[in-house]
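Dear colleague,

I am handing over the structure below, together with some notes on what was found in it. Please read the notes with the sequence and the model open beside them.

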Amino acid sequence: KEVLCIRPQRELELAAEPLNLAISPTGKHVAVSLLDSTVAVLYLDSLKTFLTLYGHKLPAGALSISDDGTLLASGSADKSIRVWGLDFGDCRKAIFAHSEAVTACQFLPKSHLLVSVSRDRVMKLWDLDSFELVQQLFGHTMETRSLAVGTDGGFVVTGGFDRSLRVWRRTGDQLFLSEEREAEMERRLEADAERED
């Protein structure tokens, strides 16, 4: 019987504590979010710095690299998601994504669609080509801490502090962004009305 053998290959001393890692699909780069609120992109074979990404006000605990290796998404305790180009390290967009800290994010396979979750208990689907919010999904009653995307992108599993796992399945139903915007506006108006009472 064959057994996988793992041995240390190389080591790198970092400037701050690492919070999360993401490896590019090609295996060429590894992205590391650091406690000093930066994201370092390193060459995986040598661990030499390729890019250092600045912009988050608080540490980014969530990282994901698109399947085509062109985009890196970082979700932060500052409630934002930043979208970075991995060719030059340019910040393509900073999105005020959630009302609380972003705890996890992951690209759907073979796309630039990103799923994010947060302490605000909401799961959101983003189109990072247009930087639009596609959909918001509610279900957890306490903060949502983790998510995993199925290999074909057909489902997402989320885990929260409410001690629950939720499975979200992709459907063939058509989604109209204008209807999603109207529903979001209604939710905001209801929330404002409740606060005024």
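**What was found**

The largest nonpolar core has 14 residues, and Ala-73, Ile-81, Leu-114, Trp-126 and Leu-128 are those with the most contacts inside it. A nonpolar core here is a set of buried Ala, Val, Leu, Ile, Met, Phe, Trp, Tyr and Cys residues joined through side-chain atoms within 4.5 Å, where buried means under 20% relative accessible area, exposed means over 50%, and partly exposed lies in between (1.4 Å probe, protein chains only). At least two residues of this core come from each of β6 (71-76), β7 (80-85) and β9 (102-107), and β9 gives the most, with 3 residues. Helices (H or I, at least four residues) and strands (E, at least two) are DSSP runs, numbered from the N terminus. In soluble globular proteins, nonpolar side chains tend to be buried together.

Before going further, please note that this is a predicted model, in which local features need pLDDT of at least 70 and side-chain atom pairs count only at pLDDT 80 or more, while totals for chains, interfaces and linings use all residues. Residues are numbered from 1 along each chain as its sequence is written, and side-chain values use heavy atoms, with hydrogens and water left out.

The structure holds 4 salt bridges, a salt bridge being a side-chain nitrogen of Lys or Arg within 4 Å of a carboxyl oxygen of Asp or Glu. Arg-92 meets Asp-87 in one of them (3.4 Å, N to O) and Asp-90 in another (2.9 Å, N to O). Asp-87 counts as partly exposed because its relative accessible area is 42%, and Arg-92, at 37%, is partly exposed as well, as is Asp-90 at 31%. A further salt bridge pairs Arg-119 with Glu-143, the closest N and O atoms being 3.5 Å apart. This pair links distant parts of the chain, 24 residues apart, with Arg-119 in the loop between β10 and β11 and Glu-143 in the loop between β12 and β13 (144-149). Arg-119 is partly exposed, with a relative accessible area of 41%. Through shared partners, salt bridges join Asp-87, Asp-90 and Arg-92 into one network.

Two residues call for a look at the backbone. Leu-47, although not a glycine, has a positive phi of about 65°; its place is in the loop between β3 (39-43) and β4 (49-53), and it counts as buried because its relative accessibility is 16%. Phe-131, which is not a glycine either, has a positive phi of about 60° and lies in the loop between β11 (122-127) and β12 (132-138), where its relative accessibility of 26% makes it partly exposed. Most residues other than glycine have a negative phi.

On the surface, Glu-182, Glu-186, Glu-190, Glu-194, Glu-196 and Asp-197 gather in a patch of negative charge. Patches are made of residues with over 30% relative accessible area and no salt bridge, like charges being joined within 9 Å and nonpolar side chains (Val, Leu, Ile, Met, Phe, Trp, Tyr) within 5 Å. Accessible areas come from the Shrake-Rupley method with a 1.4 Å probe. Glu-194 lies in helix α1 (residues 177-196) and, at 62% relative accessibility, counts as exposed.

With best regards

How values were computed:
Lys and Arg count as positive and Asp and Glu as negative; His and the chain ends are not counted. The place of a charge is taken as NZ of Lys, CZ of Arg, CG of Asp or CD of Glu.
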